[in-house]
Structures are given as structure tokens and as C-alpha cells.
Amino acid sequence: MVQFKNRYLVMEVLVDPNHETGDADPIVLSGFNVTKAIKDSIQLNFGECGLASSLLSFQVKYVNPITKICIIRVSRDDHKKIWAAITMVRSIGRCPVSFNQLDLSGCIQVCRTKALECDETKFEQYKLLYGDRVTPEIEKSVKNNFERIKALEN
């Protein structure tokens, strides 16, 4: 029996700081928003056939809306096509964004470690930037996300 091979991408979502909105944080990042943006990009750039072939194993496994780190699972055969589509995503909703790849791996454990390391670093930067505005609810939410990432499996 042959095992189905996957690739895991650890991505950072970079929100355009020059985008004028009335909100302090212009986008609420969720798995649904990221999935929709990537699927739309795949369909736009590779057509219906490209979208259908890549949906077999495509899944956003983890998204942290505060640190804007996400883990995406794709098939080994389609990972370059999906990676290209991710780089062509220009907005999520009405907010201009770009993606920065932090890691690519064949196993979830390595990506989980890298994502946890990046999450912790980015949250420390977030606390320094926002100072007193970091509420206990935000800290609790981030700690819950850290626990979710530690529990990730295939």
C-alpha cells in the first residue's frame, strides 16, 4: 500500500499597513477567509480543472488571527501549483494582503514546531507594540491557539 504524501506550508499573512480603514485591525483572519482566498486564486490562475485536482488534500489546518500565522496542507503533487496561487493572492475580503512562506515540510510535526516558534515570537512583538491594550481575553485566546497548534495531527 502506498501512503498519500502531503506537504505542509507555514505561511504568514502580511496585511498592508497603508490600507485606510476605520478599524484598528482591518481583517479578521479565519480558516474560512484564507481557504476562500486561496481557492479563488487557484480557480482564477489554473481554472476549474486545476481547482478540482488541488482540492483533494487542500486544507487550512491552523490559523491564528492575532499573529496571522497559518498552516496549510496540500498534496505533494500539487504543492507548487498551490504555492504559486498563494503568492498571487492580493486580498482577503476587501483588505490587501500578501503571504510570506516561513516553512515547507513533508511532516506536520516540523511545521508545528516552526509555527509555534513563529507564533510565540510574533505575540511577544504584538505585546510590545500594543502594550496596555492587550487584554486578558486576547492573551487567553492566544494561549488557546498555542494549545491548538500543539494538538495538531494529520
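User: Why is β1 said to be largely enclosed by the rest of the structure?

Analyst: In this predicted model, seven of the ten residues of β1 are buried, so the strand counts as largely enclosed.

User: How do you know that β1 and β3 pair?

Analyst: Two strands pair if there are at least two bridges between them. β1 and β3 have seven bridges, in the antiparallel sense, so they meet that cut-off.

User: What makes β1 and β5 a pair?

Analyst: The cut-off is again at least two bridges. β1 and β5 share eight bridges and run in the antiparallel sense. L14, for example, has S98 in β5 as its bridge partner.

User: Why is H79 called buried?

Analyst: Buried means under 20% relative accessible area. H79 has 12% relative accessibility, so it counts as buried. The residue lies in helix α2, which covers residues 79-87.

User: How do you know that the buried residues of α2 line one face of the helix?

Analyst: Those residues are H79, K81, I82, A85 and I86. Viewed down the helix axis, they fall within an arc of 160°, so they line one face of α2. They pack against β1, α1 (31-54), β3 (69-75) and β5 (95-105).

Notes:
Residues numbered from 1 in each chain as written. Predicted model: local features only at pLDDT ≥ 70, side-chain atom pairs only at ≥ 80, totals over all residues. Heavy atoms only, no water. Helix = DSSP H or I, 4+ residues; strand = E, 2+ residues; numbered from the N terminus. Buried < 20%, exposed > 50% of the residue type's maximum accessible area, 1.4 Å probe, protein only. Arc of directions from axis to C-beta. Contact = heavy atoms within 4.5 Å.
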